[in-house]
Amino acid sequence: MQPPKSEICVICGVRPAETVDHVPPKGFFKGVENAQLRTVPACCTCNNGASSDDEDIRFFISAQVGKQTAATKKLWEDGAHKTILRKRKLREAFVSTAGEMTVIGEDGVPVTRVAFRVPISTYQRVFERTTRGLYFFHTGRILPAAVPVEVTILAGTPNMDNEDIRMLKVETIGEEACVYRWGVVAEDADCSLWIYRLHQTHWAMATTGAVE
Ligand SMILES: [Zn+2]
């Protein structure tokens, strides 16, 4: 699928596009063979400034999804684990908020999990960039910089029977590494809803504009 073209960076909507940026970040697909990654025109500032954020968030996603599958095992071993060894501040922030938590598993049996706090401002930046990029990728329109993008981490699987969610289009990148659903409100092109599922267990949601 060829992305639409733009002379202007589709992330900030201001500076000239001199490069292409991967949305979602390329690092999220570490270990996925032949993933057809998506790129959009971006300026150097938006593109280069993001790699450290992407690494941090990949680490938290990897820590959450575990390494049960070949792809998530590689995501950890070739990516996230190296990041946490190299970045002392990230490691300290992770350790200081991590703890054990008992949750009820899908079969109703309590299980112990490692819980930790994700740096929400970094998370917001990564998924805002991804959302702005994919918005352009699918609509060919740059979401104006003044239109807010609000990102939420979802604790678990959202209710897929919800009518608003069932109406969304479904896209898959890199086998099951990223499945996302999206839709733009017919009466207001600034308003859209995005639901991301990464490595089958990590869920996030983004809204643009004033979506109720
Ligand atoms: Zn830019």
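This report describes the overall build of a predicted protein model and then looks at one of its sheets.

**The chain as a whole**

The secondary structure of the protein chain comes to six helices and nine strands. Its radius of gyration is 17 Å, close to the 17 Å that the globule rule gives for 212 residues, so the chain is as compact as a globular protein of that length. Along the principal axes, the C-alpha atoms fill a box of roughly 50 × 40 × 30 Å.

**The five-stranded sheet**

Five strands form an open sheet, in which the pairing is antiparallel and the order is E5-E9-E8-E7-E6. The edge strands are E5 and E6, each of which pairs on one side only. On average, and with direction ignored, neighbouring strands of this sheet are turned by 20 degrees against each other. Helix H5 packs on the sheet, where it touches E5, E7, E8 and E9, and the direction of H5 makes about 115 degrees with that of E5.

Within the sheet, strands E8 and E9 run antiparallel and are joined by seven bridges; in this pair of strands, Leu193 stands opposite Thr207 in E9.

The table lists the residue ranges of the elements named above.

| Element | Residues |
|---|---|
| Helix H5 | 120–139 |
| Strand E5 | 149–154 |
| Strand E6 | 169–173 |
| Strand E7 | 178–184 |
| Strand E8 | 192–198 |
| Strand E9 | 202–208 |

Terms used
Residues numbered from 1 in each chain as written. Predicted model: local features only at pLDDT ≥ 70, side-chain atom pairs only at ≥ 80, totals over all residues. Pairing = 2+ DSSP bridges. Helix = DSSP H or I, 4+ residues; strand = E, 2+ residues; numbered from the N terminus. Axes fitted to C-alpha atoms, helices over the stretch in contact; angles between N-to-C directions. Contact = placed C-beta atoms within 7 Å. Rg over C-alpha atoms; globule rule 2.2 N^0.38 Å.
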